[in-house]
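Subject: Handover of a structure, with notes

Dear colleague,

I am passing the structure below on to you, and my notes follow it. Please read them with the model open beside you.

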Amino acid sequence: MEYYNYLKSLHLIFVITWFAGLFYIVRLFVYQIEANDKPSPEKEILQEQYKIMAYRLWYIITWPSAVLASIFAFWMLFFTDAGHVWMKMPWMHVKLCFVFLLYLYHGKCHQIFKQLQNDEVKYTSNFMRLWNEGATIILFAVVFLVVLKSAINWIFGVIGIILFSVLIMLGFRFYKRIREKK
């Protein structure tokens with residue numbers, strides 16, 4: 001059992017750094033997109049700096065964290081007695097669905113990362129601000145599932161974060177209108 005706790009600790013550490021990377025990379029996407037509207041030479045200077053920052057974050061922190069979190073999760077689930085027990089529980093099946101969504105989210109972020117590295121701006125900064133909420137919703141769902149160990153009760157937590165996200169976006173729009181009036 002002690003061995004399992006080490007695996008779980010390492011898994012949690014890399015999940016935390018993975019999410020930190022996902023949250024920050026999307027923030028860098030916002031900055032890169034907004035830099036595109038700046039006049040020269042500011043535009044080029046900012047774009048180059050954000051590309052470097054995004055590259056380092058993506059390949060030195062985010063990708064390695066995703067891979068290591070996945071390796072430790074796989075190890076826990078398939079090579080420990082506790083993992084075999086968890087795999088029989090309905091909440092774990094729901095959690096793994098959210099983990100699959102997280103992989104899709106990560107993949108889409110990789111696609112956006114590549115586009116911005118090639119100076120292809122296909123999204124608005126407002127879209128990226130909303131996109132950032134996707135990782136938050138996945139995080140909330142997974143944490144509630146793991147803590148409550150219920151395939152149903154996590155719904156209340158996710159509904160709460162969605163409502164919170166709506167309030168944040170309304171606040172963002174309100175602040176944007178005030179800023180534009182000045």
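How many nonpolar, polar and charged residues are there in the lining of the largest pocket? By class, that lining has 25 nonpolar, three polar and three charged residues, where Ala, Val, Leu, Ile, Met, Phe, Trp, Tyr, Cys and Pro count as nonpolar, Asp, Glu, Lys and Arg as charged, and the others, Gly among them, as polar.

Before going further, please note that this is a predicted model, in which local features need pLDDT of at least 70 and side-chain atom pairs count only at pLDDT 80 or more, while totals for chains, interfaces and linings use all residues. Residues are numbered from 1 along each chain as its sequence is written, and side-chain values use heavy atoms, with hydrogens and water left out.

The pocket

The largest pocket has a volume of about 720 Å³, a volume being the space filled by probe spheres set on grid points that are joined across faces, edges and corners. A pocket here is an open set of points on a 1 Å grid over the protein atoms alone, where a 1.4 Å probe fits, with protein on both sides within 12 Å along at least five of seven lines, and its lining residues have an atom within 4 Å of a point. Of the 31 residues that line the largest pocket, His11, Met76, Lys95, Val142 and Val146 are the closest to its centre. Two or more lining residues come from each of helix H1 (2–35), H2, H3, helix H4 (90–117) and helix H5 (125–148), helices being DSSP runs of H or I with at least four residues, numbered from the N terminus. The largest share of the lining, eight residues, comes from H1.

A buried loop residue

Thr80 sits in the loop between helix H2 (42–79) and helix H3 (81–86). Thr80 counts as buried because its relative accessibility is 6%; buried means under 20% relative accessible area, exposed over 50%, and partly exposed in between, with a 1.4 Å probe and protein chains only. Apart from neighbours within four places in sequence, Thr80 is in contact (heavy atoms within 4.5 Å) with Tyr3, Tyr4, Leu7 and Trp75.

Salt bridges

The count comes to three salt bridges, each a side-chain nitrogen of Lys or Arg within 4 Å of a carboxyl oxygen of Asp or Glu. In one of them the side chains of Arg129 and Glu34 meet at 3.0 Å, N to O, and this pair links distant parts of the chain, with Arg129 in helix H5 and Glu34 in helix H1, 95 residues apart. Arg129 is buried at 16% relative accessibility, whereas Glu34 is partly exposed at 30%.

Asp119 forms a salt bridge with Lys51, their closest N and O atoms being 2.8 Å apart. Asp119 lies in the loop between H4 and H5 and Lys51 in helix H2, so this pair ties together parts that are 68 residues apart in sequence. Lys51 is buried, at 11% relative accessible area, while Asp119 is partly exposed, at 46%.

Lys122 forms a salt bridge with Glu120, with the closest N and O atoms 3.8 Å apart; Lys122 is exposed, at 55%, and Glu120 is partly exposed, at 33%.

Cysteines

A search of the whole structure finds zero disulfides, taking a disulfide as a pair of cysteine sulfur atoms within 2.5 Å. Cys97 is in no disulfide, and the nearest cysteine sulfur, that of Cys109, is 20 Å away. Cys109 is buried, with a relative accessible area of 0%.

With best wishes
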